[in-house]
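Here is a briefing on one chain.

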Amino acid sequence: MHRLVLLRHGQSVWNREDLFTGWTDVDLTEQGVAETRHAAALLKQAGFDFDVAFTSVLKRAIKTLHIVLEDMDRLWLPVHKHWRLNERHYGALQGLNKTETAARHGADMVFTWRRSWNVPPPPIEPDDPRSAVSDRRYVGLGKANLPRGESLKDTTDRVIPFWRDNMCPALRLGARVLVAAHGNSLRGLVKHLDNVPDADIPLFEIPTSRPLVYELGTDLIPLRRYFLTDDGGQEEITWPERTGAAQGGSAAA
């Protein structure tokens, strides 16, 4: 059996202020730090250990990972950072208040921009000061390939090659893998692992700093998936009328 732990970053400053964040590089709040330390305590209590970790190039995920590794006395573990694990790019919505945007454009439209499978938000212009065009982290990506706004499908499409080329080989070698990333990049990975229908995945919520554990077979198809709970227990995840990716099985593809 292979074990994979997915962890959404702790509460960020813009989570607290109810702003669209996307690729904007905001920090954790004090609450976010406390949430993350609690996640580390849950992992330690449950006997988890890791051999390698992956995260995005955004500080809220990086700091979340570092806090967990520090509290588990595993700061020496190899850590791989990549933009493919970044949050979904929210385009021209980045920095806008979600409630105010819903009042302006309608709650249904904003829900579609936030949670639909294949509808992207309004694109950000390259000369917008919120754009990542001049950000050194993405120089190798090139302006032509830099997202201007992503749907959940777009996000999933860029996460899966990283899963296939980096995480799968580590898991097959027996490594215990920890991934600290974002609500939508992790949601896209969950969709792939469990072969979740397009209509179901936007409604799947991953709370901040709540460890999501996957137990995978030798073929990297999920056998179990569950959240660790505050009382030291496990909250099983099941999909309606499904038994997971074993029915559709493309997790390692």
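Helices (H or I, at least four residues) and strands (E, at least two) are DSSP runs, numbered from the N terminus. The expected span of a helix is 1.5 Å times one less than its number of residues. This is a predicted model, in which local features need pLDDT of at least 70 and side-chain atom pairs count only at pLDDT 80 or more, while totals for chains, interfaces and linings use all residues. Residues are numbered from 1 along each chain as its sequence is written, and side-chain values use heavy atoms, with hydrogens and water left out.

**Helix 7**

- Helix 7 (residues 183-194) has 12 residues and runs 16 Å from its first C-alpha to its last, close to the 16 Å expected at 1.5 Å a residue.
- Helix 7 is mostly covered, with 12 of its 12 residues buried (under 20% relative accessible area with a 1.4 Å probe, protein chains only; exposed is over 50%, partly exposed in between).
- The cover over its buried residues includes strand 1 (2-8), helix 5 (107-115), helix 6 (152-172), strand 4 (177-181), strand 5 and strand 6 (222-228).
- Asn 195 follows helix 7 and has a positive phi, near 55 degrees.

**Glu 215**

- Glu 215 lies in strand 5 (residues 212-216).
- Glu 215 is buried, at a relative accessible area of 8%.
- Leaving out residues up to four places away in sequence, Glu 215 touches Met 1, His 2, Arg 3, Ile 221, Pro 222, Leu 223, Arg 224 and Tyr 226 (contact means heavy atoms within 4.5 Å).

**Aromatic rings**

- Rings of Phe, Tyr and Trp (its six-membered ring) pair if their centres lie within 6.5 Å; planes under 30 degrees apart are stacked, over 60 edge-to-face, the rest tilted.
- By this rule there are seven aromatic pairs.
- Trp 23 and Trp 83 have ring centres 6.2 Å apart and planes at 55 degrees, so the pair is tilted.
- This pair links distant parts of the chain, 60 residues apart.
- Trp 23 and Trp 83 are buried.
- Phe 48 and Phe 50 have ring centres 6.5 Å apart and planes at 20 degrees, so the pair is stacked.
- Ring pairs join Trp 23, Trp 83 and Tyr 138 into a cluster.
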